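Here is a brief report on one chain. Please look over the sequence and the coordinates first.

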Amino acid sequence: MIKIIPSLLYALILSLCICSLKSQNATVVGAAKSFQLQPADTIFVSGIGTVYTYYSTFNGTSGDFLIQPKINAPSGEVRPRQGFPGVFESGYAQATSSTALDYGSFTINLPTVDVDSDGNLDFLQLSRPVALTATGSGYSVVAKATFSISFALNRPANNAVGSYTATTQLTGQNPGPPISGKFVVLGYSGKLSYSRSANSNTMSLSVNSIVENINFSGTTTYTISSNGNTLIFPEFILTRASDSVKFTVKPGSLSRSGSTYKGSLSLADGISETTWVDFEEYWVSFTDTNDTDGDGIPNMTDELSTTPAITTHPTNQTATVGNSAGFSVTATGGNLTYQWRKDGTDISGATGATYTITSAATTSGASYAVAVTNSAGSVTSSAATLTVNAAPAPAPTPTSSSGGGGGGAVSPWFVGALGLLLLVRRTRKHV
Ligand SMILES: [Ca+2]
Ligand SMILES: [Ca+2]
């Protein structure tokens, strides 16, 4: 059992490592393709009194003014009309503090200029200033008559809040008194985090509205076109933190340019009164600077590394004590990391495709294998054995018996013996 528990633990750790590219972050900016006309400053009309003017999401019927019940107030929202570029529409109502005076709807023709081709009309682009006039037409339910309407819109660059002035003129009558109020673009900024595996990609968005600082968040899966240039998302839910109202984001896609994905989101607000074309259109931009392989395609949509596969396993080696020995492995899969093991234990610092022992010792004799890992998984090579042989015995030392000459150093024993022999001979001569 003692051996089983660590191996189970190892298997568990391995299975966790196989899961995915770990979560990474990208930034999000967005802007509604609608804008707000906030309630006009009150005006005083002789014989009538103080007059209030409101705007609200057009509900497809010129005969209604829609006060959206779930927010219990006019939205002030002027939305683009589907299929009519540059045409925006809104409902309106005018009342005293006690009496409805008029209500109906109007359209306004606004410039479709998009000089930076980012998909966000310039007059709604937070970074751009606005100073324009526009005209449109409407229908008054109370007067049962059409009217013309002209607007002046002004907003400094990098300010979400600007101003408007509107003047209306019922057909055949004099213009009404001008009214003014705040013109507001609805920008968003925040972040997303994403994680990926071979089977699915997931992203979690969290963005805040710039003017009101209300958070919207949600999670969705996404898929990627084969070239990594299109990020495709299915229907998903964004939840508004302030009141938990859920918005349904319709299926869509974003196109990549460099490290940025741009496109449109269509978002249904779930309010039954606006279901006739219940979409709010948003321009969004995701920027992902993560690019592990440096090919210019962010990790968010780049090809995932494939599970590592070993093409050449390490082979058995023999070395002599003191000599070097080494193993190598080759593998496919991309973004690989290596960890060599000796008898199953990680070798500190042995993290390359080759592992070299510079001076083999008898203790180096062991079984060696390498784990090859990337974001898609991990594989371990077959084991190879290192056999370490003892160093050979040293070469024998030359001696006198090897028979004169040879030029080797004369041993002290030989010199002593020769001296003794000469002494003996000399002694005999003198006897
Ligand atoms: Ca633009
Ligand atoms: Ca890349």
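## Basis

This is a predicted model: local features need pLDDT of at least 70, side-chain atom pairs count only at pLDDT 80 or more, and totals for chains, interfaces and linings use all residues. Residues are numbered from 1 along each chain as its sequence is written, while chains are lettered from A and ligands numbered from 1 in the order in which they are written.

## Whole chain

The chain holds 2 helices and 28 strands. Both are DSSP runs numbered from the N terminus: helices are H or I with at least four residues, strands are E with at least two.

Of the 431 residues, 28% are buried. Buried means 20 or more other C-beta atoms within 10 Å of the residue's own; exposed means 12 or fewer; partly exposed lies in between; C-beta atoms are placed from the backbone. Among contacts between residues at least 6 apart in sequence, 54% join residues at least 24 apart. A contact needs C-beta atoms, placed from the backbone, within 7 Å.

## Strand β21

In a regular strand the side chains alternate between the two faces of the sheet. Strand β21 (residues 325-328) alternates: A325 and F327 point to one face and are buried.

β21 runs antiparallel to β25 (residues 354-357), joined by 4 bridges. Pairing requires at least two DSSP bridges. A325 stands opposite I357 in β25.

## Positive phi in two loops

N158 is not a glycine, yet its phi is positive, about 60°. N158 sits in the loop between β8 (145-155) and β9 (161-170). N158 counts as exposed because it has 10 C-beta neighbours inside 10 Å.

N213, also not a glycine, has a positive phi near 55°. Its loop lies between β11 (201-209) and β12 (215-224). N213 has 9 C-beta neighbours inside 10 Å, so it counts as exposed.

How values were computed
Contact = placed C-beta atoms within 7 Å.
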